[in-house]
Amino acid sequence: MAMTLAEKIFKSHLKDEPFPGTKVLDIDVVMCHEITTPIAINDLAARGKDRVFNADKIKAVIDHVTPAKDSKTARQGKILRDWARRHKINDFFDIGKNGVCHAIFPEKGFIRPGYTVIMGDSHTCTHGAFGAFAAGVGTTDLEVGILKGVCAFRQPKTIRVNINGVMPEGVYAKDVILRIIKELTVNGATDCVIEFQGSVVKGMSMESRMTLCNMAIEAGGTSGVCMPDEVTVAYLWPFIFTDYKDKKAALEDFRKWWSDEGCQYVKVIGIDVSHLEPQVTCGYKPDEVRDISDMEGTPVDQVYIGSCTNGRIEDLRVAAAYLKGRTIAPTVRGIISPATPKIFREADEEGLIKIFMDAGFCVTNPTCGACLGMSNGVLAPGEVCASTTNRNFNGRMGKGGMVHLMSPAVAAVTALEGKISDPRKFGEKGIK
Amino acid sequence: MKSFGGKVLFLDRADINTDEIIPARFLTEISKEALKPHMLEDLQLEGFDPDDPMNKEAKVIVTRANFGCGSSREHAPWVFEINDINVVIASSFARIFRQNMFNCGMLAIELSESDIDKLFGFRNSHARIDMDFDKNSLTISSEKGSKAFLYRIAEFDKALVSAGGWVEFADAKY
């Protein structure tokens, strides 16, 4: 029977079906951070079950508030750190080596096609970019994942999104996914996997595919997924070269996960990007998305470039291309947070950090901080932030604050002008 | 098993997200008790006052579509649990929130939008909802009268509630 990628992963990982429609899956990677894991750790200890199912399959990072900003966040970090040491979790990333979870774990090669991945974080859907089934879960699911290596899901339905056309100048993966969320709405993909297909996806880097999959949850999706192809093989090659004779053999192996021709989709939508404008959110829901031409001129107080959506090297290169040799508006506070130490180092070696600092940006260490209003750039009531993050909920980046979601390109030129601006009007050498 | 039913808190808006239920600034807490005063603190809803003492009497929430969207934080069900609210009734839920509710042995009940409208007809009348867990039915009553509804619940979700949550269920079985 023809199957989708998600159905194939479910079939290969099925441990139990306790009731019709409920699939208990074996989990390949259980990922942990310091916000949602400590309560699971404490609960396991209280139950006399302070164990882990497999220390090699558990990955942990302190990323949401790092370095700790107060005693409470220090305590959360300590609980995770002590637990990782106690159980010999070798893939634990602390100060100096830590980065935003959905950027650092793929960078380390932890995610492979066909994997099942859970984390106590809704943006876990990011990892579907590798052809994995990756779902955000709550602390209880995480706790059972840590203890037993299993998680229960309903049989997945898949929505296929065909992305075709030619990406115009100034338009990026972020614009594409914002446009898709506008079409699907904030709950249009609830209990569904969103499968991104089409020539535009084939031409995308892994970084761009992660940007697409990252925001699947903003349409309610369980996981975003892309078919693992040559680009996936090339990205993973340093981690898999001993497993395969050559890249061709790896690709052949990865292809087994591809959705079959004739498989069942609950919905198929198409988007032609050829005439897509840069996209910006306007309200307090991620499906409230407008063309940039409707949003230009909106004043902002802060510009934030970073996060698991757009804090990768490709994003920093794009921002730097617009910022090079220019300075940001005096009314704007610019903050850039490279998502991992590796990205930070690359950005430094490529001269991007200098460009950002010359432009007047503050460059922070890798952390989630500002995206959810926890640290490193919290808004005051009434303030407006142009942000490359994924959620524009009321007060998300600080109580009473307003967030406009956008690509790094739009964010960069918005910082220059002090108001939402169109990157297509900026060349690399000045305003066109 | 937890106890279900009692006075109703009506939240008449779709897409209420987990940041509104319990803002991220309280996620540095590591006990449920510490969350207690902050339930729905950032909810954007006209006429809603998070400090209204009537909220504290509620045992059931009735609301609209896509309740609990956004972050995976289980702090959202926990802040209800610690305030003695073990039932949320909506026309639909975000997946992670719904699963978190059942994983905690709490009830996330879906009814059709027209049934939800009927429940909202009891607003401003000191309504209460009583749950018959075995029969998959609930009854709303007030000075305006009473009305019963049947709901559907997945067998797995019902088993989780009976077991007291997913940790108990999984630990006994896997």
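Contact here means heavy atoms within 4.5 Å. In this predicted model, 44 residues of chain B are in contact with 51 residues of chain A. By that criterion B:Asn86, leaving aside its neighbours within four places in sequence, is in contact with B:Lys2, B:Ser3, B:Phe4, B:Lys59, B:Glu81, B:Met101, B:Met106 and B:Leu107.

**Interface of chain B and chain A**

- The size of an interface is often given as the accessible area lost when the parts come together.
- Chain B and chain A bury about 4100 Å² between them, and 56% of this area is on carbon and sulfur atoms.
- Of the area that chain B buries against chain A, 19% comes from B:Ile30, B:Arg95 and B:Tyr174, more than from any other three residues.
- The rule finds 10 salt bridges across the interface. One of them joins A:Asp191 and B:Arg98, whose closest N and O atoms are 2.9 Å apart.
- On the side of chain B that touches chain A, helices H3 (75-82), H4 (95-103), H6 (155-163) and H7 (166-173) of chain B each supply at least two residues. H7(B) gives the most, with seven residues.
- By class, that side of chain B has 17 nonpolar, 12 polar and 15 charged residues.

- B:Asn86 is placed in the loop between H3 and strand S3 (87-90) of chain B.
- With a relative accessible area of 7%, B:Asn86 is buried, because the cut-off for a buried residue is under 20%.
- A polar atom of the B:Asn86 side chain lies 3.2 Å from the backbone oxygen of B:Ser3. B:Ser3 is also among the residues in contact with B:Asn86.

- The loop between strand S2 (60-63) and H3 of chain B holds B:Arg73.
- B:Arg73 has 3% relative accessibility and therefore counts as buried.
- The side chains of B:Arg73 and B:Asp19 make a polar contact at 3.3 Å.
- Not counting residues up to four places away in sequence, B:Arg73 touches A:Arg396 of the partner chain together with B:Thr18, B:Asp19, B:Ile22, B:Pro23, B:Ala24, B:Leu27 and B:Asn100.

**Helix H15 of chain A**

- Helix H15 spans residues 352-359 of chain A, and its buried residues include A:Leu352, A:Ile353, A:Ile355, A:Phe356 and A:Ala359.
- Seen down the axis of H15(A), the buried residues fall within an arc of 160°, so they line one face of the helix.
- An α-helix has 3.6 residues a turn, so residues three or four places apart point the same way.
- The exposed residues A:Lys354 and A:Met357 are carried on the face of H15(A) turned away from its buried side.
- Among the elements of chain A that cover the buried residues of H15(A) are helix H13 (313-323), strand S16 (333-336), helix H14 (341-349) and strand S17 (361-363).

**Helix H16 of chain A**

- Helix H16 (residues 408-417) of chain A is mostly covered, with nine of its 10 residues buried.
- The buried residues of H16(A) are A:Pro408, A:Ala409, A:Val410, A:Ala411, A:Ala412, A:Val413, A:Thr414, A:Ala415 and A:Leu416.
- Just after H16(A), A:Gly418 has a positive phi of about 80°.

**Backbone features of chain A**

- Most residues other than glycine have a negative phi, and most peptide bonds are trans.
- The peptide bond between A:Thr66 and A:Pro67 is cis, with omega about -10°. A:Pro67 lies in the loop between strand S4 (58-61) and helix H3 (71-86) of chain A.
- A:Thr185, a residue other than glycine, has a positive phi near 75°. A:Thr185 belongs to the loop between helix H6 (173-184) and strand S10 (192-197) of chain A, and at 31% relative accessibility A:Thr185 counts as partly exposed.
- A:Ser307 is not a glycine, yet its phi is positive, at about 90°. A:Ser307 lies in helix H12 (residues 307-310) of chain A and is buried, with a relative accessible area of 3%.

Terms used:
Residues numbered from 1 in each chain as written. Chains lettered and ligands numbered in written order. Predicted model: local features only at pLDDT ≥ 70, side-chain atom pairs only at ≥ 80, totals over all residues. Heavy atoms only, no water. Buried area = accessible area lost by both parts, 1.4 Å probe. Salt bridge = Lys/Arg side-chain N within 4 Å of Asp/Glu carboxyl O. Helix = DSSP H or I, 4+ residues; strand = E, 2+ residues; numbered from the N terminus. Nonpolar A, V, L, I, M, F, W, Y, C, P; charged D, E, K, R; others polar. Buried < 20%, exposed > 50% of the residue type's maximum accessible area, 1.4 Å probe, protein only. Polar contact = N/O pair within 3.5 Å; in protein donor to acceptor, adjacent residues only side chain to side chain. Arc of directions from axis to C-beta.
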